[in-house]
Amino acid sequence: MSAAESGVPNPPARRLGDWSASHLRDLADEYGTPLYVLDLERVRENYERLEAAFPESEIMFAAKANALDRVLETLLEADAGIECASAGELVRALEAGAPGERVHYTAVNPPAADLDVAVEAADEHPNLTITAGAEDTIDRLEERGYDGRLCLRVNPGIGAGHHEKVRTGADAKFGVPANRAVETLVDAAERGFDVVGVHAHVGSGVSSDDLDAHREFVSRMGELARELNKALTAAPDAQAGLEFIDVGGGFGVPYRENEAPLDLEAVADATRDALGTVDARLTIEPGRYLVADAGVLLTRVNTVKDAPETTVVGVDAGMTTLARPAMYGSYHPIRNLEADAVDRPENPQTVTGSICESSDVFCTDRSLPETARGDLLAIGNAGAYGYEMASTYNSRPRPASVVLEPDGSATLSRRRETLSDVTRVERAAGNEDGGSDTDEPDRGPPREVSR
């Protein structure tokens with residue numbers, strides 16, 4: 001039974017200490033480490049909280065946060081849509097059972113092969129929406145014979161988020177400049193596209209401290225939507241005005257133990273107030289908010305080394321397993337899951353993986369219970385951008401994943417890769433083991449063609 005069904009309000013954040021240590025130890029014993037664990041019921045609870053804060057709005061899950069099929073299926077069952085940033089995510093959403101009307105394809109500078117996949121998918125699912133972030137992309141869609149549902153991504157000139165690398169709203173890479181949005185969309189409408197929406201994304205990991213920036217961003221989007229509706233209505237060959245205005249997601253979660261959770265009601269109120277009256281549906285695209293605190297990463301200690309000013313704790317996970325600390329300097333809570341950990345003295349520890357990079361560190365000089373070889377550690381808030389950013393750098397296989405079902409049982413959702421998996425594509429390219437899955441030769445990267 002979900003929190004909403006039981007009448008108990010959803011807790012605003014799930015902390016690492018809320019997970020059952022004994023249950024996680026059992027999972028590590030059964031499935032090995034490193035191991036991602038994802039609680040599907042918590043994903044559903046997070047969706048219900050968002051749905052309550054944004055009634056009558058369309059909620060599209062940003063699949064780039066966690067594209068696991070069970071996550072997509074859980075959110076589709078809860079009535080979410082899926083926002084896809086690549087052809088791969090688009091295929092996964094459709095394979096998970098998403099109907100076309102609940103899928104948005106919003107790739108940035110999409111390769112030719114990706115556009116081919118998107119156009120083919122739209123042929124089979126006519127209500128699917130393709131978002132273009134450049135006038136050139138609209139031309140490329142027209143060359144492929146596409147004239148279906150089109151949304152325009154614009155650049156509002158304002159960004160926010162937890163790190164400079166994810167503040168997309170003012171980055172020229174993302175979207176058509178706002179001052180060219182009207183002429184671009186009117187032109188697309190007059191060329192026969194079914195213009196249905198306008199989209200922008202301010203950034204990722206937006207906190208309550210970013211509320212002013214978020215309010216200004218949404219205000220600009222509301223003003224632009226009103227201008228676009230007016231222009232589309234006046235255009236002789238254009239259809240009706242916008243169906244939706246998509247203000248992206250980026251809702252942050254508290255990674256640090258003493259960090260307050262996002263005041264979601266305040267964000268929702270600020271969004272509606274800043275948007276103003278617009279004859280279009282509000283759409284949001286949360287990713288991290290729905291899955292981050294639903295997941296943990298389990299890792300086993302394999303080395304403990306005393307250093308002059310710290311204790312270096314080596315674990316079997318690394319930056320290939322969870323890239324966020326190395327890429328963004330991100331903080332993730334860490335908990336020793338051993339039964340006697342609470343009774344151990346604490347000392348400064350640096351938890352590191354086995355990758356040959358100095359950035360392969362999960363924490364530096366953090367006060368943790370004294371650690372011994374063989375201890376099991378949990379790294380919290382790993383449900384978003386964990387496995388999705390995992391790699392085989394240093395020829396390390398990617399980890400396994402399990403999901404916790406609503407009844408509390410665990411199911412293996414991704415098997416652990418082997419060394420053979422890491423080299424399989426090389427053997428296939430050499431035509432050993434019977435060739436590739438399709439027995440088709442690699443013809444190199446696709447070329448852009450006019451149709």
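Over residues 159–170 the pLDDT stays under 50; pLDDT is the predictor's confidence in each residue, from 0 to 100. Even so, the model has 46 contacts for this stretch beyond four places in sequence, a contact being heavy atoms within 4.5 Å. Taken over the chain, the average pLDDT is 87, and 86% of the residues score at least 70. Residues 1–8 are also below 50, with eleven contacts beyond near neighbours in sequence.

A quick word on the ground rules. This is a predicted model, where local features need pLDDT of at least 70, side-chain atom pairs count only at pLDDT 80 or more, and totals for chains, interfaces and linings use all residues. Residues are numbered from 1 along each chain as its sequence is written, and side-chain values use heavy atoms, leaving out hydrogens and water.

Now look at helix α7, residues 135–143. Helices (H or I, at least four residues) and strands (E, at least two) are DSSP runs, numbered from the N terminus. Thr-137, Ile-138, Arg-140 and Leu-141 of α7 are buried, meaning under 20% relative accessible area with a 1.4 Å probe, protein chains only. Looking down the axis, the buried residues fall within an arc of 160°, so they line one face of α7; the arc is that of the directions from the helix axis to the C-beta atoms. Their cover includes α6 (112–124), β5 (129–132), β6 (149–155) and α8 (181–190). After α7 comes Gly-145, with a positive phi near 80°.

Terms used: Buried < 20%, exposed > 50% of the residue type's maximum accessible area, 1.4 Å probe, protein only.
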